[in-house]
Amino acid sequence: MSTDRRKFLKHLGTSVLLTSASLTSLAAKEENEVRILRAQKRVSPNDRIRIATIGMGIMGFNDTKAALTVPGVELVGVCDLYKGRLARAKEVYGNDLFTTMDHREILERKDIDAVIIATSDNWHSQIAIDAMHKGKAVYSEKPMVHLISQGLEEIRVQKETGRVFQVGSQRVSSIAYRKAKEMYEAGAIGKINSIEASFNRQSALGAWQYTIPSDGNIQNVDWARYQANASVKHDFDPNRFFRWRNYREYGTGVAGDLFVHLLSGIHFITGSKGPERIYSIGDLAYWKDGRNVPDVMSAVIHYGETKEHPAFQVTLRVNFISGEGDHGTTKIVGSEGVIDLGGEGESFTIRKNKMPVAPGIGGWDSLFTYTEAQQKALMDAYNKRYSQADQQTPSIPDITYRAPDDYNASNDHFANFMESVRTGKPVVEDAVFGFRAAAPCLACNDSYFQNKVIHWDAENMKIVG
């Protein structure tokens, strides 16, 4: 037995909890083996990928960290509009790291193969388009666009240039989501009819009141470049720069930031291209700190019947002042069970409930309102027609799948991206998939601010009606 094989078998014993025999399949074990062995793969100098990160905020630093877990990936440069983050990048990655406040300097470098775009949402699309024209592979944080009107052009440029392009919503690469998709397609919960998905938070940081540095001033921030593409210019405001998610001019609110995670996972599991109708409501209930997006938002989204799936409805909710505390879930409900996915792609549970063959009689029923003779006749007929087994509700044990304790879906998402850069194989979340997940979420904002139902053509990716 090879050394790698021994390492895998040793690791497998503690990596996956499978509480139903239906999941203890060779396929599940092999999936983990491939992931582990891929991470241990030796990389030749010719296979090295040199990357740069544009936007070194929370996601920029975390994405860079995840990208560097992939063997053979080297960080060459970073870009940010705040000088302090460039200094921090050198502290973390060394003084030889190339730093700039102008993303175009990153794109002009011939020694950079791929860029991570982790800026405020309003710059995602333009930088991605510029990068693809410069021959760079692109990993774009979600949502890939700030406006629905940007999506088709970005898709066109990707197809025209042929550059590798992946959207950064890690659930699409999660081993738990892949296993949930397998179980869903196998009919584990019957015929799907509804989905409930939510993010609840109860903290200032969870509500995007991020720490602002004491030197976060106009001397250390390129404010003019930051709002260069904004239709309305504002005087320098550190809140608008360091807490950009709270402002429509630079971010996309809870819909574009968090709904898009939920829909990405939902579309991946169900194979859906998107919904038909979208309606949302919301409030600024608690965090009245100058933000112009709601902190509580709910959406009802209808998916029509297609060749990929039956008709179903989705309810999405984000609550930034939830008494439930920090909690997120996606519940895919079918006629015979529910897939309950928790966290960011580490686990799921299937709870099955199936009706007995017999329809039931007595209890909360009109039976007791009839005469005793009528009740007896009805009960005798019922028992004659249905056996005791037919009258019993089937008892089906829960199925639970849990990834390894140290598993990180973001690492796998970057591993998939880098493999596409090296080999040219299709990415796991391309521009079309990314836009089809993002656009309905941005339409939730349109619905909220315009107070109307948005009709969406998922096949052609455009608003209709």
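Arg 104 pairs with Asp 102 in a salt bridge, with 3.0 Å between the closest N and O atoms; the term here takes a side-chain nitrogen of Lys or Arg within 4 Å of a carboxyl oxygen of Asp or Glu. The model is a predicted one, so local features need pLDDT of at least 70 and side-chain atom pairs count only at pLDDT 80 or more, while totals for chains, interfaces and linings use all residues. Residues are numbered from 1 along each chain as its sequence is written, and side-chain values use heavy atoms, with hydrogens and water left out.

Back to that pair. Asp 102 is buried at a relative accessible area of 14%, whereas Arg 104 comes out partly exposed at 46%. For these labels, buried means under 20% relative accessible area, exposed means over 50%, and partly exposed is what lies in between (1.4 Å probe, protein chains only). The two residues also belong to a salt-bridge network that takes in Asp 222 and Arg 225. In general, side chains of opposite charge can pair when their charged atoms come close.

The salt-bridge count comes to 23. One of them joins Glu 91 to Arg 88, with the closest N and O atoms 3.0 Å apart. Both sit in helix H4 (residues 83-93), and because they are three residues apart, about one helical turn separates them. Helices (H or I, at least four residues) and strands (E, at least two) are DSSP runs, numbered from the N terminus. Glu 91 is exposed at 58% relative accessibility, and Arg 88 is partly exposed at 43%. Another bridge links Arg 240 with Glu 249, where the closest N and O atoms are 3.4 Å apart.

Zooming out, the protein has 15 helices and 17 strands. Buried residues account for 49% of its 465 residues. The accessible surface is about 21600 Å², and carbon and sulfur atoms own 50% of that; the areas come from the Shrake-Rupley method with a 1.4 Å probe, and for residues only the protein chains shown count as cover. Of the contacts between residues at least 6 apart in sequence, 72% join residues at least 24 apart, a contact being heavy atoms within 4.5 Å.

Now for the inside. The largest nonpolar core holds 85 residues, and the members touching the most others are Val 115, Phe 259, Ile 301, Leu 316, Ile 339, Phe 348 and Phe 435. H15 supplies the largest share of this core, with 11 residues. A core of this kind is a set of buried Ala, Val, Leu, Ile, Met, Phe, Trp, Tyr and Cys residues joined through side-chain atoms within 4.5 Å. A second, separate core of 23 residues includes Met 56, Ala 67, Ala 137 and Tyr 139. Leaving aside residues up to four places away in sequence, Ile 301 touches a list of residues including Leu 263, Pro 275, Phe 312, Leu 316 and Cys 444.

Ile 332 lies in strand E12 (residues 327-334) and is buried, at 0% relative accessibility. Among the residues that Ile 332 touches, not counting those up to four places away in sequence, are Ile 189, Ile 192, Ile 269, Ile 339 and Leu 341. Its C-alpha is 8.3 Å from that of Asn 193, although Ile 332 and Asn 193 are 139 residues apart in sequence. Arg 402 and Glu 346 are 6.0 Å apart, C-alpha to C-alpha, and 56 residues apart in sequence.

Helix H7 (residues 151-161) has a buried set made up of Gly 151, Glu 154, Ile 155, Val 157 and Gln 158. They fall on the same side of H7 because they cover an arc of only 160° around the axis, taken from the directions from the helix axis to the C-beta atoms. Cover for these buried residues includes helix H6 (124-133), strand E7 (165-168) and helix H15 (431-450). Exposed Lys 159 and Glu 160 sit on the face of H7 turned away from the buried side. Just after H7, Gly 162 adopts a positive phi of about 75°.
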